[in-house]
Every structure is written in structure tokens, then in C-alpha cells.
Amino acid sequence: MSSAVPTTRERVVDAAVRLTAQIGWSQVTMARLAQEVGVSRQTVYNEVGTKPGLAEAMILRELDRFLGVVNEAFDAHPDDLVGAIRASAQRVLEHATGNDLLHAVVSATHGADTELLPLLTTHAESLLVAAKAVIAERITPYDVALDGPHLDAAIDMVVRVVLSHVMQPSGDPADTAEAIAWIAARVLG
């Protein structure tokens, strides 16, 4: 299996995540990124725009990765909604464990780099909306005995509980996912 050669944009975003984890978001500059990637500073600007554009590119890429593991879990459990939720939660929590950008954002919430905090707060609502939309779409084929508003509330609950554990883990991903699945089973009927 061969992997595609990363685009310049992907290399810039990868380097930005790496640098953010190593030296902190406030120390990441377009010049430093250019040096790290081996391109001109203008190329970095052409690929990601301004520093806020870079931040958005980093967040959207990570969101895409997290939602990818959710989709894989649902694909693996086409006839078992609670199993799909359990697997989704576990995969998300496992992915979060080794995620450099998430670690840097969480560190920022604890005072390590206050300039990084806006990455999370500025995009938090849109990230939540995107996650809930994916779950709502993936739940559609399952037989769920809840009406629209109650189903929306159940989806919101599951997404928020998983995100809470992403931001502040309280145990092993498998054990946490099992607890989330237990709650989902009771709520979803």
C-alpha cells in the first residue's frame, strides 16, 4: 500500500502542528514554518494565508481525522447502534490520546500558551455542530424509537460527553467508551 506524497499545504500544516507541540503556538511564525518545510515564506502564505488561516487549517484537518474514525466505527457496526457508539467513542478517545495538536490546545487551557486558547474557543461551536451532524447522519439507518427533538438531545448528549472526555480524560478509552455506550443504550432505547 503506497501513500500519496503530501502536498505543500499538508507539509505546512504538519509542521505547524509539530512546532505548536514543541515550542508553543505563540512561537510559530510563517518564517519558521517556511524554514521547517524548506519553502519560501511566501509559499507558506500562499498555502494557508495568515496565521489565523493556518490555525483554521490545523483544526479542520484534525476534525476531519476525528470524524474519520467515527465513520469507520459506524461502518464496522451497521446493525448495532450502541456498538457503533461504543466503537466511535473508543476510537476518538484513543486518537485523542496521542494527538499533538489536541495536547497543545488542552495545555493552553491550563495556562501553558494562552495564545492558543482562541483556536479552541473560536471554533468550538462549529466543531460541535459538525460532530453532531455526522452522528445524526450516521444514526439515520438505525431503528431508533425517539422523535426528532429527543433524538437531537440524545446526539448532543453523546457528542458532549465524548468531547468532555477528549478534553479531560478520566480513564482508559475502552472503559470510558463502555460507560458512554451504557448511557446511550438507555437513552436511545
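Trainee: What distance does helix α8 (residues 148-167) reach from its first C-alpha to its last?
Mentor: Helices are DSSP runs (H or I, at least four residues), as are strands (E, at least two), and both are numbered from the N terminus. The expected span of a helix is 1.5 Å times one less than its number of residues. Helix α8 has 20 residues, and its reach, close to the expected span, is 28 Å.

Trainee: What kind of model is this?
Mentor: Residues are numbered from 1 along each chain as its sequence is written, and side-chain values use heavy atoms, with hydrogens and water left out. Local features need pLDDT of at least 70, side-chain atom pairs count only at pLDDT 80 or more, and totals for chains, interfaces and linings use all residues; this is a predicted model.

Trainee: How many helices does the protein have?
Mentor: From the N terminus on, the elements run α-α-α-α-α-α-α-α-α. There are zero strands, and the number of helices is nine.

Trainee: Which residues of the largest nonpolar core touch the most other members?
Mentor: A nonpolar core is a set of buried Ala, Val, Leu, Ile, Met, Phe, Trp, Tyr and Cys residues joined through side-chain atoms within 4.5 Å. The largest one has 34 residues, and those touching the most other members are Phe 74, Leu 81, Ile 85, Ile 139 and Leu 188.

Trainee: Which helices each supply at least two residues of this core?
Mentor: Leu 188 touches, among others, Leu 151 and Ala 154 (contact means heavy atoms within 4.5 Å), not counting residues up to four places away in sequence. Both of these are buried residues of α8. The helices that each supply at least two core residues are α4 (51-76), α5 (81-97), α7 (117-139), α8 and α9 (173-188).

Trainee: Is Ser 88 buried or exposed?
Mentor: Ser 88 lies in helix α5. Not counting residues up to four places away in sequence, Ser 88 touches Val 70, Ala 73 and Phe 74. At 6% relative accessibility, Ser 88 counts as buried.

Trainee: What is the relative accessible area of Asn 71?
Mentor: Asn 71 lies in helix α4. Leaving aside residues up to four places away in sequence, Asn 71 touches Val 134 and Arg 138. Asn 71 is partly exposed, with a relative accessible area of 25%.

Trainee: Which elements are included in what covers the buried residues of α2?
Mentor: In helix α2 (residues 30-37), Met 30, Leu 33, Ala 34 and Val 37 are buried. Seen down the axis, they fall within an arc of 100°, so they line one face of the helix. Their cover includes α1 (8-23), α3 (41-48) and α4.

Methods
Buried means under 20% relative accessible area, exposed over 50%, partly exposed in between (1.4 Å probe, protein chains only). The arc is that of the directions from the helix axis to the C-beta atoms.
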